[in-house]
Amino acid sequence: MIDKIKLMAENFNPDFIKENFRWREIEIDDEEFTELDFELNRYLQTNITKKTRMFSLRMLLTENLRTGTYSLSINGSIRKWYFDKNSRKDLNYYEFIDCIEILGCKLGLKKGEIWRIFKVTQLEIGVTLLLKSFTNDILDCFVKYRNAKRDDKNVTSIYFRFTNYDLLIYDKYLEILGKKELTETDKNIINKYLMLRFEIDINKVSIPTFKMKYHKLSSLKSNWNELPNELYKYLNAVKFVDTISKNEVINENHKPKISKNDFVNWGFYSYMKITGIHKTIMDFNEMVLPNNKSKHFNDLMNIYKSHIISEKDYKAIILYELKKKTDRLYNKGNFRYINT
């Protein structure tokens, strides 16, 4: 469930890593500090198999020339570092513990010491769900998250952006493939399955929302059981509108008499279908006054939903798969999902 992470240790003893790693000096415009850079691999080059694709963590050793003290930051995806670059596996609790202990060992630290001296400054919590192909167009259904900016410039990804954190929903398999031309095997997989990846990307863990639970590496370990609830809470809070199922069809030979309110609602619905749900939301945000804006938005979405014959409860399917996946990953006592 933990993917990218940035760790920071102040007053770090650099003796071991300066002696055992070949650092590269970085030029910075500051006379009080010097910085050394190193790409840390999990395996030695001689231990690499053909199937293993290395992923490096970036280490930055900073010396304060005025005080003579050092700080060490470590940044990157520990999930990819622990498994391999293109793995879609997610770290369970015991793999996370093992990963951090391996990292501590490589830094020359005693067993368990790394938990005490490092803080978490950035954190990415995520999980990959294997879904059936009927959900291949599911990204369009995630339309809004509170007052976040929705960014869908990348056709395989949806971002909901805040100042200190982002929510990201994307097609993991297409990310792994990159820009290469699809093979027949790739096409068959895409036609059968969707590897839906959901991430909470926290670029400032010190804000009150996350600080108490995740700011210390030791706290992140002790609060591992909170991560499934965190993922469920944020994904469930994304406004979901079924844009996949067919719209309601009115029989031309048996048109029912409708009320004025029904006629107005049909007009709103027709506008949304012609304009597109996402463009409608953009227009709504620009044109509607702040007073009761949330209520008016929900009313608008309910008009859309009332004219759709939903084939499946897609959001319920995704949340169910999320629960199944995190049940397998938490592996640490019991936890209770938040009632929503």
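**Aromatic pairs and helix packing in a predicted model**

Trainee: Against which elements do the buried residues of α11 pack?
Mentor: In this predicted model, the buried residues of helix α11 (residues 277-287) are I277, H278, T280, I281, D283 and F284. Their packing partners include two strands, β7 (142-144) and β8 (149-151).

Trainee: How is α10 oriented relative to α12?
Mentor: The axes of α10 and helix α12 (residues 293-306) come within 9 Å and cross at roughly 85 degrees. Angles of 65 to 115 degrees count as roughly perpendicular. The orientation of α10 to α12 is therefore roughly perpendicular.

Trainee: How do the residues of the contact of α10 with α12 divide into nonpolar, polar and charged?
Mentor: On the side of α10, the contact is made by N265, F268, Y269, M272 and K273. From α12 come L300, M301, I303 and Y304. The residues of this contact divide into 7 nonpolar, 1 polar and 1 charged.

Trainee: Is Y269 buried or exposed?
Mentor: Y269 lies in helix α10 (residues 260-275), as does W266, 3 residues apart, about one turn of the helix. The two form a tilted aromatic pair, with 5.5 Å centre to centre and 45 degrees between the planes. W266 is partly exposed, with a relative accessible area of 31%. Buried means under 20% relative accessible area, so Y269, at 2%, counts as buried.

Trainee: Why is the pair of F96 and W224 classed as it is?
Mentor: The ring centres of F96 and W224 are 5.0 Å apart, which is within the 6.5 Å required for a pair. Their planes lie at 25 degrees, and planes under 30 degrees apart count as stacked. The pair is therefore stacked.

Trainee: How many residues apart in sequence are the parts that F96 and W224 tie together?
Mentor: Both F96 and W224 are buried. F96 lies in helix α3 (residues 93-106), whereas W224 lies in the loop between α8 (217-222) and α9 (226-237). The pair therefore ties together parts whose separation in sequence is 128 residues.

Trainee: Which residues do ring pairs link into a cluster?
Mentor: The count of aromatic pairs comes to 20. Ring pairs link some residues into a cluster, whose members are Y145, F160, F162, Y165, F210 and Y234.

Trainee: Over which ring does the charged end of R161 sit?
Mentor: The charged end of K144 sits over the ring of F297, 5.3 Å from its centre. For R161, the charged end lies 4.0 Å from the centre of the ring it sits over, that of Y159.

Conventions
Residues are numbered from 1 along each chain as its sequence is written. This is a predicted model: local features need pLDDT of at least 70, side-chain atom pairs count only at pLDDT 80 or more; totals for chains, interfaces and linings use all residues. Side-chain values use heavy atoms; hydrogens and water are left out. Rings of Phe, Tyr and Trp (its six-membered ring) pair if their centres lie within 6.5 Å; planes under 30 degrees apart count as stacked, over 60 as edge-to-face and the rest as tilted. Helices (H or I, at least four residues) and strands (E, at least two) are DSSP runs, numbered from the N terminus. Buried means under 20% relative accessible area, exposed over 50%, partly exposed in between (1.4 Å probe, protein chains only). A charge sits over a ring if NZ of Lys or CZ of Arg is within 6 Å of the ring centre and within 35 degrees of the ring normal. Axes are lines fitted to C-alpha atoms, for helices over the stretch in contact, and angles run from 0 to 180 degrees between N-to-C directions. Angles under 35 degrees count as roughly parallel, over 145 as roughly antiparallel, 65 to 115 as roughly perpendicular and the rest as oblique. Contact means heavy atoms within 4.5 Å. Ala, Val, Leu, Ile, Met, Phe, Trp, Tyr, Cys and Pro count as nonpolar, Asp, Glu, Lys and Arg as charged, and the others, Gly among them, as polar.
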